[in-house]
Amino acid sequence: MPNDSRKEELDGLEVQKAQIDRKAEVLVRTELYSGLGFLVLQTLGLMRLTFWELSWDVMEPICFFLTSLQFALAYLFFMKTSIEPSFVGYFQRRFKVKQKKLMQINNFDVERYNHLRRVFYPSKSLTESQYRVHGMFSDHVPTRA
């Protein structure tokens, strides 16, 4: 199998997948930094209203309801995705969504990629538990989102 054209095809698909993974990670990190910016602006706005414009007596219920809303949104995230509502869970979920969209945009053949991975690396099982993020991208592409 040294001159197998399927190996060259797999190498090309792996390069394409690595590019897609990098782009997906950049997009998700941009979302996370935007969320951080929103939280900082919200905190600054609440501080301004609490200490200069209004008083704590007025702002206390507002802050309580904002916090309750944020908890409800985290709970909704868990209910829809069955993923722990943490920064890592959010990153993983958003990464998978962005990766899938980028693969569709770039016409990446997931089935062919997974098939070639099975042919050339039969000892590596293609389970979703191997799906990793944070610079250590998956050895495969899950076919389910």
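What separates phenylalanine 71 and tyrosine 75 in helix H2? The points below take up this matter and the related contacts.

1. The model is predicted, with local features requiring pLDDT of at least 70 and side-chain atom pairs pLDDT 80 or more, while totals for chains, interfaces and linings use all residues. Residues are numbered from 1 along each chain as its sequence is written, and side-chain values use heavy atoms, leaving out hydrogens and water.

2. Phenylalanine 71 and tyrosine 75 are four residues apart in helix H2 (residues 56-81), and therefore about one helical turn separates them. Helices here are DSSP runs of H or I with at least four residues, numbered from the N terminus.

3. Five aromatic pairs are found in the whole structure; ring centres of Phe, Tyr or Trp (its six-membered ring) must lie within 6.5 Å, with planes under 30 degrees apart called stacked, over 60 edge-to-face and the rest tilted. Among them, phenylalanine 64 and phenylalanine 65 are edge-to-face, because their planes stand at 70 degrees, with centres 5.2 Å apart. The pair of phenylalanine 71 and tyrosine 75 is stacked, at 6.4 Å centre to centre and 20 degrees between the planes.

4. Phenylalanine 64 and phenylalanine 65 are both exposed, a term for over 50% relative accessible area, with buried under 20% and partly exposed in between (1.4 Å probe, protein chains only). Phenylalanine 71 is exposed at 59% relative accessibility, whereas tyrosine 75, at 48%, is partly exposed.

5. Lysine 7 lies over the face of phenylalanine 120, 5.7 Å from the ring centre; the criterion is NZ of Lys or CZ of Arg within 6 Å of the ring centre and within 35 degrees of the ring normal.

Note on methods: Helices (H or I, at least four residues) and strands (E, at least two) are DSSP runs, numbered from the N terminus.
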